[in-house]
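Hello,

Here is the structure I promised to pass on. Please open it first, then read my notes below.

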Amino acid sequence: PDWLKGHALVALARVGSEVAVTECLVKAESKDGLLRVAAFEALGFLQSDRASDVLKKGLQDSDLKARWSAAASLARLHGAKAWEDLRPLLGEPNPKALVYEVMALGFIRNEESRKRFSALTSHKDRNLRIAAIRAMHRAEDPWCVGHLLGLLVKYRDAESSRNIRGVLLS
């Protein structure tokens, strides 16, 4: 199945396999959105000149998850330098891509990305707010710990507290 191929591709990239670069470039053009998501995620682990070009092209992908997977990987490779490339994707948050958006913001680690974190985790839509909090377990910004501790004080309902504690312990 395609989801298994995608996981295998990401695993190959994580170990730095040369085969992964070629496979990612092929899968990034796949008609299957899941394979493109995996290819973009895998490219974030590969220091290749071609990776950045493919990921920037992926920011225009028709599939929402693929777009944000490309964004997260571009941010993983370039940190704060990727902010300008990602800025056009920011708009009304979409729960379907929230995990990837939070992951991308966690790699950028600048003041603007942290403002976006704050907006997502304080969103008026409770479900979206909880989803953003849950997604923070993939954020690689140490600032998130202090932010989550602040949210623990702000949101005293059981579900919010449970989710915040879960992320802090992950």
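**Contacts and overall build**

Take the contacts in the protein between residues at least 6 apart in sequence: 60% of them join residues at least 24 apart. Contact here means heavy atoms within 4.5 Å.

A word on the ground rules. This is a predicted model, so local features need pLDDT of at least 70, side-chain atom pairs count only at pLDDT 80 or more, and totals for chains, interfaces and linings use all residues. Residues are numbered from 1 along each chain as its sequence is written, and side-chain values use heavy atoms, with hydrogens and water left out.

pLDDT is the predictor's confidence in each residue, from 0 to 100. The protein has a mean pLDDT of 89. 100% of its residues reach 70 or more. Confidence is lowest in helix α1 (residues 2-14), with a mean of 82. It is highest in helix α10 (residues 143-154), at 94.

The protein has 11 helices and 0 strands. Both are DSSP runs, numbered from the N terminus: helices are H or I with at least four residues, strands are E with at least two. Along the sequence the pattern reads α-α-α-α-α-α-α-α-α-α-α.

Now the dimensions. The C-alpha trace spans about 50 × 35 × 30 Å along its principal axes.

**Inside and outside**

Of the 170 residues, 48% are buried. Buried means under 20% relative accessible area, exposed means over 50%, and partly exposed lies in between (1.4 Å probe, protein chains only). The protein exposes about 9000 Å². Carbon and sulfur atoms supply 53% of that area. Accessible areas come from the Shrake-Rupley method with a 1.4 Å probe; for residues, only the protein chains shown count as cover.

W3 lies in helix α1. W3 counts as exposed because its relative accessibility is 52%. L34 sits in helix α3 (residues 33-43). L34 is exposed too, at 54% relative accessibility. One more distance for W3: F40 is 37 residues away in sequence and 14 Å away in space, C-alpha to C-alpha.

**Salt bridges**

How many salt bridges does a search of the whole structure find? There are 11. A salt bridge is a side-chain nitrogen of Lys or Arg within 4 Å of a carboxyl oxygen of Asp or Glu. Here are some of them.

- R36 pairs with D61, and their closest N and O atoms are 2.8 Å apart. R36 lies in helix α3 and D61 in the loop between α4 (49-58) and α5 (64-78), so the pair ties together parts 25 residues apart in sequence. R36 is buried, at 9% relative accessible area. D61 is buried as well, at 11%.
- K56 and D85 meet at 3.9 Å, N to O. This pair links distant parts of the chain: K56 is in helix α4 and D85 in helix α6 (residues 83-86), 29 residues apart. K56 is partly exposed, at 40% relative accessibility. D85 is partly exposed, at 30%.
- R114 and D141 meet at 2.8 Å, N to O. R114 is in helix α8 (residues 111-121) and D141 in the loop between α9 (126-135) and α10, 27 residues apart. Is R114 buried or partly exposed? R114 is partly exposed, because its relative accessible area is 25%. D141 is buried, at 3%.

There is also a network of salt bridges, which links R126, R134, D157 and E159.

R109 is in the loop between α7 (98-108) and α8. R109 counts as partly exposed, at 40% relative accessibility.

Best wishes
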